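Have the sequence and the 3D view open while you read.

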Amino acid sequence: MQVDVYGDTLCALVSATALASTGNQVQLHLPAGPHAEQLQRGECPFREAGLADLMAEQMQGGRLMLAPLAAPPQPSAVIWLALNPDSMPEALSLIAALPERCTRRWLVVNQSTFAVGSSELLQQTLLDCDTPPTQPGAVVSLPDLLIEGNALQSFMRADSWLLGADADWARQLVTELLRPFNRRRDAIMPMRPREAEFTKLAITGMLATRLSYMNDMANLADSLDVDIEQVRQGMGADRRIGDAYLYPGCGFGGLSFSRDVMSLASTLEGSGLAAQLLDEVLNINERQKEVLFRKLWRHYGTDLRGRKVALWGVQAGNLAHQQCACAQIA
């Protein structure tokens, strides 16, 4: 099957590579920028286990090809959108420019993290014709649920897929595309597009809440001379809680994760509902970013001049991912 994937996000690269590995002919349409330049040089812009090697293998086999951000070729069967969250105008323009949009049954898979209701707007653009299409196309929502650091495996062996589709034929076609990654058990959860989009944001909000709660508990444990690691293990042993996302740290980060939480908070406020819990989650996260520095500051009695600080695992310049980044405080 000919699949045209649009975007230079981690989601776009993983989706294009995985779909190509199952025998599909995939064109990865890239917007101009540093990621496109790296890929043209044969470099993978993301440090994800197995991704660079599998991409190279699929490109050498001719199943994965790079292309500019333009209208898909005539034989294309599926348009797969994995764009940045602020690229909704580009997505609408792309749909409006699809060849034979009003006479051909296009399938558009929206994997981009846009606002709730975005797939419906894309659907309206797809069907905006002078006369009603005899074979109307469909836009389905398949939210990005990749786990950074294990992105390729979280696509190829997904715990769940949220498939938001109104048209039965579109749902069946996406299910067939995902069949090689859905063989151990049926992990596809059918729902409406709007429900899939909201579920994605709700999942992110819940994970962020767990992280912020544990960071609050860690700060309290410090003041009570309690080992938070013992507390974490005890909490995780309770089946009602589980041990995922219970590790305290310096707060959650990452462009997508933080933006999804803020998007959910904005959606709540826009609907007239107060986003009190999520606002507090974001406030806790901002305070948590300073915890490490406050501890360092107190440990040395506020005298940090001339001291060197090493952060293990932080990439700096051309240092390998496992090396440390060092800085001297003036």
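How many bridges join strand S4 to S5? Four bridges join S4 (residues 78-81) to S5, and the two strands run parallel. The model is predicted: local features need pLDDT of at least 70, side-chain atom pairs count only at pLDDT 80 or more, and totals for chains, interfaces and linings use all residues. Residues are numbered from 1 along each chain as its sequence is written, and side-chain values use heavy atoms, leaving out hydrogens and water.

**Strands** (DSSP runs of E, at least two residues, numbered from the N terminus; two strands pair if DSSP finds at least two bridges between them)
- Val108 in S5 is the bridge partner of Ile79.
- From S5 (residues 107-110), Leu107 and Val109 point one way and Val108 and Asn110 the other way.
- All four of these residues are buried, that is, under 20% relative accessible area with a 1.4 Å probe, protein chains only.
- In a regular strand, side chains alternate between the two faces of the sheet.

- The axes, lines fitted to C-alpha atoms over the stretch in contact, of H4 (residues 88-96) and H5 (residues 118-126) come within 8 Å and cross at roughly 30 degrees.
- That makes H4 roughly parallel to H5, the term for angles under 35 degrees on a scale from 0 to 180 degrees between N-to-C directions.
- Contact means heavy atoms within 4.5 Å; residues that meet include Met88 and Leu92 in H4 and Leu121 and Leu122 in H5.

Definitions and conventions:
Buried < 20%, exposed > 50% of the residue type's maximum accessible area, 1.4 Å probe, protein only. Parallel < 35°, antiparallel > 145°, perpendicular 65-115°, else oblique.
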